[in-house]
Amino acid sequence: MLRDITIGQHFPGDSALHNMDPRAKLVLTLVYIIMLFVASNPIGLGISIVLVFGLYLLAKIPLRLIGKSLKPIIPIILFTAVLNVFFVTGESEPLVSLGFLHIYREGIDYAVLIVVRIICIIAGTSLLTYTTSPIVLTAAIEQLLRPLSKLKFPVHELAMMMTIALRFIPLLIEETDKIMNAQKARGAQLDSGTLMQRVKALIPVLIPLFISAFRRADELAMAMECRCYHGGEGRTRLKELRMSGKDVWLTVAAVVVFVAMGMSNFLWK
Amino acid sequence: MNEHAQTMLEAKDVVFRYSETGSNAIDGLSMQVKKGEYVAVLGANGCGKSTLAKHFNAILLPASGTVWIEEIPTTDEDRLMEMRQKVGMVFQNPDNQIVATVVEEDVAFALENLGVPRDEMRCRVDDAMQMAGIYKYREKAPHKLSGGQKQRVAIAGVIAMRPDCLVLDEATAMLDPIGREKVMHTVHKLNRDYGITVVQITHYMEEAATADRVVVMSAGRIVMEGTPRQVFSQVEAVKALHLDVPQSAELCHALTQAGLPMPDDVIRPEECAAAIYKTLTGKEPPRDV
């Protein structure tokens with residue numbers, strides 16, 4: 001069961017979006033999120049919906065995956081929508097009054113805006129991880145944060161930690177599986193009992209897992225030292241990220257759409 | 001100086017203990033490894049052989065005595081990177097020595113650390129992967145490979161540094177027979193074709209039998225030393241150290257004891273077969289035995 005977890009949810013492909021420079025993708029995704037808040041009107045959000053759908057088609061990622069990535073946050077979406085419907089007050093007469101609760105037109109408008117916004121944020125950021133492998137994303141984060149290393153921010157260390165984490169996640173999952181089986185063979189009841197009992201039953205799984213993780217860390221550190229690891233200073237990279245001509249065009253196109261989203265505020269009174 | 005030119009590794013009167021109060025893990029050990037030599041180090045668990053291996057690239061420093069890598073004493077901190085580049089280490093568990101999430105990036109790890117320019121790095125990484133026979137897996141994730149393949153990735157990651165010496169610390173212990181054979185084949189090829197000195201710490205007597213020289217350790221000291229033939233012909237002495245001899249040597253020894261005289265320097269299955277053939281038929285065996 002643990003083996004089914006895929007981290008980062010990457011769907012390899014060969015589209016323009018898959019091959020795009022990850023730094024550009026990362027920055028554009030951030031700008032996109034900001035623009036979703038700047039453009040607080042139906043036209044702007046309409047454009048953003050069209051943009052997201054268009055990009056999913058471009059990346060050949062099935063649209064039903066949007067639904068899948070939204071599933072865990074449906075409660076949050078409903079909660080925010082309900083709160084907005086009931087608690088945003090307007091100047092006109094309430095549309096419906098249920099005792100002390102009043103529903104105004106503004107409330108409904110606002111709830112719809114918020115819901116669309118959240119869906120767009122999730123769909124947009126999921127698209128980033130769908131089309132970018134975690135390794136490439138790590139490299140992009142390292143390069144984008146590099147200026148911060150002048151301020152003594154440990155950029156290289158952070159990136160190395162992310163790489164090692166990504167490397168060891170499948171290993172530790174496999175190990176958890178093994179330990180669970182070993183404890184089951186000794187009669188541990190991991191799948192039954194009350195919640196409390198099940199949590200308690202996990203302790204004999206977690207302790208060996210931690211001990212082995214520390215042992216691995218120790219050995220890995222030694223192996224890294226043996227291969228001349230001495231921090232980020234003077235390091236070169238096998239693969240350097242490069243913006244291709246296509247990436248530039250995609251970026252320009254995205255910026256144009258973002259500007260349109262921003263301008264929509266002036267069109268909508 | 002001339003002497004140093006021939007010597008890859010040298011340990012002189014090395015003493016090491018892990019804690020102040022504990023006993024000596026290495027207890028006044030001296031040995032030399034010549035350039036291009038293939039040395040196997042044997043010994044029961046806890047005899048200090050892994051500790052010795054870690055002295056050979058300055059992971060551990062002796063409490064007293066000196067270890068030299070070529071002419072550099074391992075205490076020379078300014079030349080640490082140079083020493084680590086000269087002597088590559090491969091450990092037992094391949095999972096715990098692979099850093100990156102893609103094979104070729106892991107092979108490049110050491111070169112990235114050394115600041116090798118990208119064009120040169122690309123070609124050294126490709127060379128190392130070819131030498132270790134893992135070129136076709138270069139874009140795979142390490143956790144999707146078998147144990148033997150992973151260990152060869154680890155070896156490629158080390159030989160990309162173009163080391164003069166390879167220290168294998170029970171590098172085949174966790175592998176299945178096929179993985180082990182492939183790794184051994186790779187290591188022998190590196191020794192034979194590229195002149196890389198090999199120090200192999202192992203529990204497998206069949207592996208030790210293929211070395212140029214065997215060193216047997218016990219309680220932090222060297223107790224036996226010589227060619228595999230010289231060492232393994234002393235079946236009783238080796239067994240007294242809680243070690244095995246290669247099965248061929250053991251069989252010949254048992255036959256001799258049972259009253260069937262056999263040559264006492266047999267260590268390979270083919271030699272054993274030839275010797276038995278000769279005893280049974282009284283004729284020299286045909287070539288293809």
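Predicted model: local features only at pLDDT ≥ 70, side-chain atom pairs only at ≥ 80, totals over all residues.

Colleague: How do you know what confidence chain A and chain B have on average?

Modeller: Chain A averages a pLDDT of 86, with 96% of the residues at 70 or above. For chain B the average is 90, and 97% of the residues score at least 70. Within chain A, confidence is lowest in strand β1 (residues 96–98), at a mean of 78, and highest in helix α2 (residues 22–38), at 93. The model as a whole scores ipTM 0.85 and pTM 0.80.

Colleague: How do you know how much area chain A and chain B bury between them?

Modeller: The size of an interface is often given as the accessible area lost when the parts come together. Chain A and chain B bury about 3200 Å² between them, with 57% of it on carbon and sulfur atoms. On the side of chain A, the residues that lose the most area to chain B are A:R167, A:R227 and A:L238, together 29% of what that side buries. The contact takes 29 residues from chain A and 39 residues from chain B.

Colleague: What makes the meeting of B:E104 and A:K239 a salt bridge?

Modeller: The rule asks for a side-chain nitrogen of Lys or Arg within 4 Å of a carboxyl oxygen of Asp or Glu. The side chains of B:E104 and A:K239 meet at 3.0 Å, N to O. That distance is within 4 Å, therefore the pair is called a salt bridge. Across the interface of chain A and chain B, the rule finds eight salt bridges. There are also 18 residue pairs in polar contact between the two chains, both residues being at pLDDT 80 or more. On the side of chain A that touches chain B, the elements giving two or more residues are α8 (155–185) and α9 (195–226). The residues of that side divide into 15 nonpolar, four polar and ten charged.

Colleague: Why is helix α4 of chain B called largely enclosed?

Modeller: Eleven of the twelve residues of helix α4 (residues 103–114) of chain B are buried, so the helix is largely enclosed by the rest of the structure. Among the buried residues are B:E104, B:F109 and B:N113. What covers the buried residues of this helix includes α7 (134–145), α8 and α9 of chain A, together with α5 (118–131) and α6 (147–159) of chain B. After α4 of chain B comes B:G115, with a positive phi near 70°.

Colleague: Is B:R180 buried or exposed, and how do you know?

Modeller: B:R180 is placed in helix α7 (residues 177–194) of chain B. Its relative accessible area is 19%. Buried means under 20%, so B:R180 is called buried. Leaving aside neighbours within four places in sequence, B:R180 is in contact with B:T172, B:L175, B:Y204 and B:E207.

Colleague: Why is B:R213 counted as buried?

Modeller: B:R213 has 14% relative accessibility, which is under 20%, so B:R213 counts as buried. B:R213 lies in strand β9 (residues 213–218) of chain B. The side chain of B:R213 makes a polar contact with the side chain of B:E225, at 2.4 Å. Not counting residues up to four places away in sequence, B:R213 touches several residues, including B:Y38, B:G226 and B:P228.

Colleague: What makes A:I207 partly exposed?

Modeller: A:I207, in helix α9 of chain A, has 48% relative accessibility.

Methods
Residues numbered from 1 in each chain as written. Chains lettered and ligands numbered in written order. Heavy atoms only, no water. Contact = heavy atoms within 4.5 Å. Buried area = accessible area lost by both parts, 1.4 Å probe. Polar contact = N/O pair within 3.5 Å; in protein donor to acceptor, adjacent residues only side chain to side chain. Helix = DSSP H or I, 4+ residues; strand = E, 2+ residues; numbered from the N terminus. Nonpolar A, V, L, I, M, F, W, Y, C, P; charged D, E, K, R; others polar. pLDDT = per-residue confidence, 0-100. Buried < 20%, exposed > 50% of the residue type's maximum accessible area, 1.4 Å probe, protein only.
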